[in-house]
Amino acid sequence: MTKMTTLTRRSFGLLTAGGAAGLVLGAPAIVRAQTAVTFAVPNPSALTWLPYWVAVGEGYFAEEGLDLRLEAIDGSSAVLQAMTAGQAQIGAPGPGPTLGARSRGVDVKFLYNLYPKSVFGLLVKADSAYQSPSDLKGTIIGVGTADGAEVSFTKAIMTDMGMTEGTDYSFLPVGDGGTAAVAFLRDEVNSYAGAVSDAAILAARGLTLREITPEAYLGFFGNGIAMLESQMAATPDLAPKFGRALVRGTRFAADPANKEKALAHCAAGNPQEGEQDYAPSLYDGVVNRMTPTDAFISQGFGYQPPEHWQAIHDSAVASGALEAPIADLASVYTNEFVAGWNA
């Protein structure tokens, strides 16, 4: 599958400022809230967490009795560490790092499929000779962090192409946004595996990018909502309340009539990002990837197809991201709250 992404150069300086600022973003205090909750996410883009900021702005969390604070930290592994350390009650890791944590004995459980269509893509310069991942043999692939969800996503693709990390290709952590753009411009990387927000900011540097993600891997879902089972036991009403508010936020954002208001809610979460020309197009991309495919839309927002988990698990094992299969894959995730969230 090939896609072209182009944005103008003129706002790149502000974009990089917006990408670097707000590494810790706090939701406004809600007077009526009863329960303080920290929500850890792996990057600071408010648009990436669109339903959250809509739910904050529209008062949906307040109606559920939740006082939310969002903490943006560096990558899915850091999110899981924050949850394990008790610094966050709920988080948004990727499925690959979640599998890895579960295999190490962490009692994490994936609750909500926030991005049923892959949030990640494998990008190259439009004028490069690379037409598919198989052409990347012997090259350097840029990633945001060394242990982010984009790494396991890309490893799965490369493994299917018969290639092994360290022998046939290598990863280079180059950050996201502006720092990734610099690495591209200096030819320090030949391609980049990144999220929707990364692609928009890279393109704002004046680059014309081409996506070479195989069609089958666009169905590998992205980050979602997770909690520790011990946290779920300690706060049994948190997952139902959080998910109900998030579904309401998703539905609000999906209505084209609400786009400007939803963008304003996101701008409250990350003002620098909200000022940028790329925000409306990124918004459209996020809404698209948060909308389930026709095959699963009837199940409701947040639903996790077991066959998709199996595919991600099997790819992680084949690529070596998991040292051994997880005996009870169903223990990693649950759909028990989905019907209630979507009622």
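Which residue with a positive phi follows helix 5? Helix 5 is followed by G105, whose phi is near 95 degrees.

## Basis of the report

This is a predicted model, in which local features need pLDDT of at least 70 and side-chain atom pairs count only at pLDDT 80 or more, while totals for chains, interfaces and linings use all residues. Residues are numbered from 1 along each chain as its sequence is written, and side-chain values use heavy atoms, with hydrogens and water left out. Helices (H or I, at least four residues) and strands (E, at least two) are DSSP runs, numbered from the N terminus.

Helix 5 spans residues 95-103, and eight of its nine residues are buried, so the helix is largely enclosed by the rest of the structure. Buried denotes under 20% relative accessible area, exposed over 50%, and partly exposed in between (1.4 Å probe, protein chains only). The buried residues are P95, G96, P97, T98, L99, G100, A101 and R102. Their cover includes helix 4 (76-84), strand 5 (108-112), helix 6, helix 9 (229-234) and helix 14 (306-319).

E64 forms a salt bridge with R244, the closest N and O atoms lying 2.9 Å apart. E64 is in the loop between helix 3 and strand 3 (66-72) and R244 in helix 10, so the pair ties together parts that are 180 residues apart in sequence. E64 is buried, with a relative accessible area of 14%, whereas R244 is partly exposed at 33%. A further salt bridge connects K241 and D237, with closest N and O atoms 3.1 Å apart; D237 is partly exposed at 39% relative accessibility.

## Strands 7 and 8

Strand 7 (residues 139-143) and strand 8 (residues 169-173) run parallel and are joined by five bridges; two strands pair if DSSP finds at least two bridges between them. V143 has P173 in strand 8 as its bridge partner.

Together with helix 6 (residues 149-160), the two strands make a right-handed β-α-β unit. Right-handed means that, with the strands pointing away from the viewer, the path from the first strand over the helix to the second runs clockwise.

How values were computed:
Salt bridge = Lys/Arg side-chain N within 4 Å of Asp/Glu carboxyl O. Contact = heavy atoms within 4.5 Å.
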